[in-house]
Amino acid sequence: THEIKVEAVKDQRPGMQGKDVQISYIPYTGSLLARSVASPFEMYHGRIKHEGTMKIYENLLDASGKMFLEGAELQSGLIHCKPEQILSAKAALNIASVLNKDIHLNTSDVKAIIDLSTNTGKFVNNGGGNRLTFSSSQYHCSFENFTWYMKETYLNIGMEEQEQLAKVWKLEQEDSIPAMAKNRFVSSNRLLDSLNFIVPLARYDLKSGDIACRWVNHIDVANGRFYPAKGEMDIQANGDIQEFEDGRLLCERTDPAKLLTAVKFKLKGKNDFNGSGNYLYVSEEKKKSVLHFMELGRDSAKLIFAKAQVKAEEPLYLNNGIRFKGNVVLYSRKPDLWFAGYAGLTTDTVHVKHNWVRVQDYLASAHIRIPLKIENRNDKQQRIYNAIYLNTDKSFTPYASFMSSRRFYNDDLLIGGEGKLEWSLGMEQYIISDTLCD
């Protein structure tokens, strides 16, 4: 073995030196071939080390093997060494955190342009199936290019032009997103059910292992679609996703009416999430009320649901004549909300005794119809009736009972029926329609 020292040639090649080197001469190219044996070559004033072979021409310097630089390993069959640049048309790259060996990124088959004067490395994907792999967070992503900022110790993956990113952020259809911004992140953790999303710009922190995803249009979860506020999503080094604030959740991707806003959202997987959000309820008269759903998740069929509780002191007005208290559930594949609680009257306190009546049904907001039977229960679990009775005590006179009690428990039923309670805005009166008389 020998020692070797190659002098730098201005604008052509850097200097290089090595110990314990095997050297051979290649006559037909007029070049020297040096191979490291026990210790690596040193280049760029000791900033970079190389294991493998060096091919020394009159004014040029090429390498093959592994090159080590500032926490990164570049492996290639051909590396062109310039005074301030390292170039390779086909290389594999592994970048690791200097603080935590468990934090590293690797990929294969990229074109590499490393500029030591600006301390940046630009990498372009050569193969469509090539991926970036984030070891600690258990994600991998497709990509077209990324930039390594050496001194700042982070990578920017994807598009960096802010004006273009603002335009891309508005694009929901994948086919319309430019290739440079179409970086699809996929979780390799089986507990996350292949959670995936497109990130136009991702910043990978090589110190912490965190991934800051920016300009994210949406994330598909179960049968729904979540829209992060400002397009921001943060993945911690261990793979946990920071809780979202003030996002939007479309509970059924094909139904724009199933939209929750001001959503707090804890995302644990494609089918594992929870949170809360607001729903805009529009009454028959087009009056708007905000329903706050305190619970949301997915059921055993992997369909999204949301639950709200409406208190008596702040009832939900279904229309001008009927209000509601109790539980409301949004089932993402059902056209209407499910109401389980009590409906109450709001008008005509002179002629109609106000009472709450139990309801358990899907109610269409555009046409409220409360199912009634002859005998019902109010919110105190007392019996209330809808019928015409005969007073059998003394007078033997008929009387009507409308969502109220009978005069005497043994009064005879003359006419009774089941139907739908409605409020007629035009007539300003309550109606029991679709009555089935007994």
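Glu-70 is partly exposed, with a relative accessible area of 32%. Its side chain meets that of Arg-47 in a salt bridge, 2.5 Å from N to O. This is a predicted model. The structure holds 12 salt bridges and zero disulfides.

**Salt bridges**

- Side chains of opposite charge can pair when their charged atoms come close.
- Glu-172 and Arg-225 form a salt bridge at 2.8 Å, N to O. Glu-172 lies in the loop between helix 1 and strand 15, and Arg-225 lies in strand 20, so the pair ties together parts that are 53 residues apart in sequence.
- Glu-172 is partly exposed at 30% relative accessibility, whereas Arg-225 is buried at 16%.
- Asp-220 joins Glu-172 and Arg-225 in a network of salt bridges.
- Asp-379 forms a salt bridge with Lys-325, and their closest N and O atoms are 2.7 Å apart. This pair links distant parts of the chain, 54 residues apart. Asp-379 is in the loop between strand 32 and strand 33, while Lys-325 is in strand 28.
- Asp-379 counts as partly exposed at 28% relative accessibility. Lys-325 is buried, with a relative accessible area of 14%.

- Strand 3 (residues 31-36) pairs with strand 5 (residues 48-56) in the antiparallel sense, over four bridges. Ala-34 has Met-54 in strand 5 as its bridge partner.
- Strand 4 (residues 41-43) runs antiparallel to strand 5, and three bridges join them. Met-43 has Ile-48 in strand 5 as its bridge partner.
- Strand 4 and strand 5 form a hairpin with four residues between them. In the turn, Tyr-44 has a positive phi of about 50 degrees.
- Strand 5 also pairs with strand 6 (residues 61-69), again in the antiparallel sense, over nine bridges. Ile-48 has Leu-69 in strand 6 as its bridge partner.
- A hairpin of four residues joins strand 5 to strand 6.

**A nonpolar surface patch**

- Ile-23, Tyr-25 and Leu-32 make a nonpolar surface patch of about 270 Å².
- Tyr-25 lies in strand 2 (residues 16-26). Tyr-25 counts as exposed because its relative accessibility is 52%.

**A buried valine**

- Val-328 is found in strand 28 (residues 322-331). At 0% relative accessibility, Val-328 counts as buried.
- Val-328 touches residues elsewhere in the sequence, including Leu-291, Phe-293, Trp-338 and Phe-339. Other contacts of Val-328 include Ala-306, Lys-307 and Ala-308.
- Val-328 and Gln-309 are 19 residues apart in sequence. In space they are 6.2 Å apart, C-alpha to C-alpha.

**Cysteines**

- Cys-141 is buried, at 0% relative accessibility. Cys-81 is buried as well, with a relative accessible area of 2%.

Technical notes
Residues numbered from 1 in each chain as written. Predicted model: local features only at pLDDT ≥ 70, side-chain atom pairs only at ≥ 80, totals over all residues. Heavy atoms only, no water. Patch = residues over 30% accessible without salt bridge, like charges linked within 9 Å, V, L, I, M, F, W, Y side chains within 5 Å. Areas by Shrake-Rupley, 256 points an atom, 1.4 Å probe, with all protein chains shown as cover. Salt bridge = Lys/Arg side-chain N within 4 Å of Asp/Glu carboxyl O. Helix = DSSP H or I, 4+ residues; strand = E, 2+ residues; numbered from the N terminus. Buried < 20%, exposed > 50% of the residue type's maximum accessible area, 1.4 Å probe, protein only. Pairing = 2+ DSSP bridges. Disulfide = S-S within 2.5 Å. Contact = heavy atoms within 4.5 Å. Lists of a residue's contacts leave out its neighbours within four places in sequence.
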